[in-house]
Amino acid sequence: MDMTRYVNTFGRYLRAKHGEKVHKISVNASFTCPNRDGSKGIGGCTFCNNDSFSPKNTESGDITDQIVAAKQRVSERTKAKKFIAYFQSYSNTYGDLEDLKRYYDEALFDQDVIGLAVGTRPDCVPHPVLELLASYRDEGYEVWLELGLQSSFDESLIAINRGHGFAEYVDAVERVRKFNLNLCTHLIMGLPGEKPEDTLKTFDRVIELGVDAIKVHPLHIVKGTQLARQWKQGQVPELTLEQYTDTLAEIIRRAPDDLIFHRLTGSGERQYLLAPDWVMNKWDVLGALYRKLEAA
Ligand code: SF4
């Protein structure tokens, strides 16, 4: 299965640009999120249990220790020698600028770390943070800002208690563009009240606004969330593998040639996942997607 026949994958982009394999390694700087600490909300997004979507191998300890351990683990498995430090859990631009700089600098101190990927919310990217990220890009680092949008429909964002609307995303994109930063937007398919076609509409809107990359995954219903309670009460229809791969194949067909796909699915962790079962095996999902792309 050579997905790069149909999809401009992030791995292919990095290899072409840097001349070798570059691997993302997750770094946890113990941030929080305005949708959890009370400034926007308390309960967080209804689907959010950060433990469930932080990679199970995320190291503990300070950033340097995490990077050393992750590099060793990943290079044994993939032979990669260059890495991007991926600030993934919670909102990784939500903090004092000095603290952010200290975390990012520490991650980049390692000679094998050639860049940063910083995941956050559209309402957490003020001008000074964008300026800081652009300064790393100007020094020659590979810098990606990853914005969680999930849906362009305000009703859906309200239903999942997102704490921001589509307008905040539009505003963030306009400001990110002024700094010419690489932008990756995260979308979730299968949100309560949405049909797969709604994800297609969201995709079209995101493309129209301008984005360099997207990351798509099916909604995971995980333990310890408001969504899990709604699901147990029969209020959350489950997305099927067929719906997911059909819609993602259509997204891939519609995608501009230079759009980079950072991710085509997620992988559920058995200890947290309630539904849908099929997300557990990412290779089955990718295989089903590949067959659809081949058949088209
Ligand atoms: S998904 Fe992100 S924005 Fe939502 S509560 Fe979790 S950390 Fe915060």
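Trainee: In which helix does K292 lie, and is K292 buried or exposed?

Mentor: Please keep in mind throughout that this is a predicted model. K292 belongs to residues 282–295, which form helix α11. The cut-off for a buried residue is under 20% relative accessible area.

Trainee: Which residues is K292 in contact with, leaving aside its neighbours within four places in sequence?

Mentor: Contact here means heavy atoms within 4.5 Å. With the neighbours within four places in sequence left aside, the partners of K292 are E242, T245, D246, A249 and R253.

Trainee: What is the order of the strands in the open sheet, and which strands stand at its edges?

Mentor: The sheet has seven strands with parallel pairing, in the order β1-β2-β3-β4-β5-β6-β8. Each edge strand has a single partner strand, so one side of it is left without a neighbour in the sheet. From one strand to the next, the twist averages 25°. The strands at the edges are β1 (22–27) and β8 (260–263).

Trainee: How many residues of β3 are buried, and which residue in β3 is the bridge partner of I84?

Mentor: Eight of the eight residues of β3 are buried, so this strand is largely enclosed by the rest of the structure. β2 and β3 run parallel and are joined by five bridges. The partner of I84 in β3 is G115.

Trainee: How many bridges join β5 to β6, and what is the bridge partner of H186 in β6?

Mentor: Strand β5 covers residues 182–189 and strand β6 covers residues 213–218; they run parallel and are joined by six bridges. Within β6, H186 has as its bridge partner K215.

Trainee: Which strands does helix α10 lie across, and at what angle does α10 run to β6?

Mentor: Helix α10 lies across β5, β6 and β8. Another helix, α3 (residues 63–78), lies across β1, β2 and β3 and runs at about 140° to β1. For α10, the angle to β6 is about 170°.

Trainee: Which residues of α8 and α10 meet, and how many of the residues in this contact are charged?

Mentor: Helix α8 (residues 196–209) packs against helix α10 (residues 241–254) at an angle of about 20°, with the axes 10 Å apart. Angles under 35 degrees count as roughly parallel, and α8 and α10 are therefore roughly parallel to each other. From α8 come P196, T199, L200, F203 and D204, and from α10 come Q243, T247, E250, I251 and R254. By class, the contact has four nonpolar residues and three polar ones, and the number of charged residues is three.

Trainee: How far apart are the axes of α4 and α5, and how many nonpolar residues does their contact have?

Mentor: Helix α4 (residues 97–109) and helix α5 (residues 127–138) pack at an angle of about 20°, with axes 11 Å apart. α4 passes α5 in a right-handed crossing. The contact involves L97, L100, K101, Y104, D105 and L108 of α4, together with P128, V129, L132, L133 and Y136 of α5. No polar residue takes part, two are charged, and the number that are nonpolar is nine.

Trainee: Where does N49 lie, and how far is N49 from K223 in space, C-alpha to C-alpha?

Mentor: N49 lies in the loop between β1 and α2 (50–53), and at 14% relative accessibility N49 counts as buried. Not counting residues up to four places away in sequence, N49 touches V222, K223, T225 and Y272. N49 and K223 are 174 residues apart in sequence, yet their C-alpha to C-alpha distance is 7.6 Å.

Trainee: What is the phi of Y90, and what is the phi of Q150?

Mentor: Y90 is found in the loop between β2 and α4 and is partly exposed, with a relative accessible area of 30%. Q150 lies in strand β4 (residues 142–150) and is buried, at 8%. Neither is a glycine, yet phi is positive in each: about 65° for Y90, and near 75° for Q150.

Trainee: Which residues does the cis peptide bond join, and what is its omega?

Mentor: P276, one of the two residues, lies in the loop between β9 (273–275) and α11. The cis bond joins A275 and P276, and its omega is about -10°.

Technical notes
Residues numbered from 1 in each chain as written. Predicted model: local features only at pLDDT ≥ 70, side-chain atom pairs only at ≥ 80, totals over all residues. Heavy atoms only, no water. Helix = DSSP H or I, 4+ residues; strand = E, 2+ residues; numbered from the N terminus. Axes fitted to C-alpha atoms, helices over the stretch in contact; angles between N-to-C directions. Left-handed = near helix turned anticlockwise from the far one by under 90°. Nonpolar A, V, L, I, M, F, W, Y, C, P; charged D, E, K, R; others polar. Parallel < 35°, antiparallel > 145°, perpendicular 65-115°, else oblique. Pairing = 2+ DSSP bridges. Buried < 20%, exposed > 50% of the residue type's maximum accessible area, 1.4 Å probe, protein only.
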